[in-house]
Amino acid sequence: MISITIPAPDVTITKQENPVLSHIYGFTDFHLITREAGGIFMFYNDNDELLFVGKARKLRPRIKKHFEDNVSVMKPHRGEVTKIEVCLVEDPVDREIYETYIVNKLKAKYNVEKVLYK
């Protein structure tokens, strides 16, 4: 049997109510997320429900793309995201395993691929 533990987040950023600085959907702290490292990211709503899990070779550009891209599965739900957690995971195989595990274990609301629990 394989035992998988969800990693603790390395970075957590939260939505600001009335941001003074430049922001994307209320998030002003994207600079805290590394631009060069790979890992997994999780979007949560204000009830701490997991909305979406993703993985990326380069975290910050991939996360920002979910808030800017017209084809993101998150496009109609961007306003729901109030917290973003990031876990640094350099190995691509590990990223794939964590993403699939978290999607199914925590039942991410808007993930459509890799869903085994339906």
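Predicted model: local features only at pLDDT ≥ 70, side-chain atom pairs only at ≥ 80, totals over all residues.
**View 1. An aromatic cluster of seven named residues.** Tyr 25, Phe 27, Phe 30, Phe 41, Phe 43, Phe 52 and Phe 67 form one aromatic cluster. The structure holds 8 aromatic pairs, and the next two views show pairs that involve Phe 67.

**View 2. The tilted pair of Tyr 25 and Phe 67.** The ring centres of Tyr 25 and Phe 67 are 5.7 Å apart and the ring planes stand at 40°, so the pair is tilted. Distant parts of the chain are linked by this pair, since Tyr 25 is in the loop between strand 1 (11-14) and strand 2 whereas Phe 67 is in helix 1, 42 residues apart. Tyr 25 has a relative accessibility of 37% and therefore counts as partly exposed, while Phe 67, at 4%, counts as buried.

**View 3. The edge-to-face pair of Phe 30 and Phe 67.** Here the centres of the Phe 30 and Phe 67 rings are 6.1 Å apart and the planes are at 70°, an angle over the 60 degrees required, so the pair is edge-to-face. This pair also links distant parts of the chain, with Phe 30 in the loop between strand 1 and strand 2 and Phe 67 in helix 1, 37 residues apart. Both Phe 30 and Phe 67 are buried.

**View 4. A lysine over the ring of Tyr 44.** Lys 83 lies over the face of Tyr 44, at a distance of 4.7 Å from the ring centre.

**View 5. A polar contact between His 77 and Tyr 110.** The side chains of His 77 and Tyr 110 are joined by a polar contact of 3.3 Å. His 77 is found in the loop between helix 1 (59-68) and strand 4 (83-88), and because its relative accessibility is 18%, under the 20% limit, His 77 counts as buried.

View 6. Most residues other than glycine have a negative phi. Asp 48, however, has a positive phi near 65°, and its place is in the loop between strand 2 (39-44) and strand 3 (50-56). Lys 107 likewise has a positive phi, near 50°, and is located in the segment after helix 2 (92-105). Asp 48 counts as partly exposed at 48% relative accessibility, and Lys 107 also counts as partly exposed, at 48%.

Definitions and conventions. Residues numbered from 1 in each chain as written. Heavy atoms only, no water. Helix = DSSP H or I, 4+ residues; strand = E, 2+ residues; numbered from the N terminus. Buried < 20%, exposed > 50% of the residue type's maximum accessible area, 1.4 Å probe, protein only. Polar contact = N/O pair within 3.5 Å; in protein donor to acceptor, adjacent residues only side chain to side chain. Phe/Tyr/Trp six-rings, centres within 6.5 Å; stacked < 30°, edge-to-face > 60°. Lys NZ or Arg CZ within 6 Å of the ring centre and 35° of its normal.
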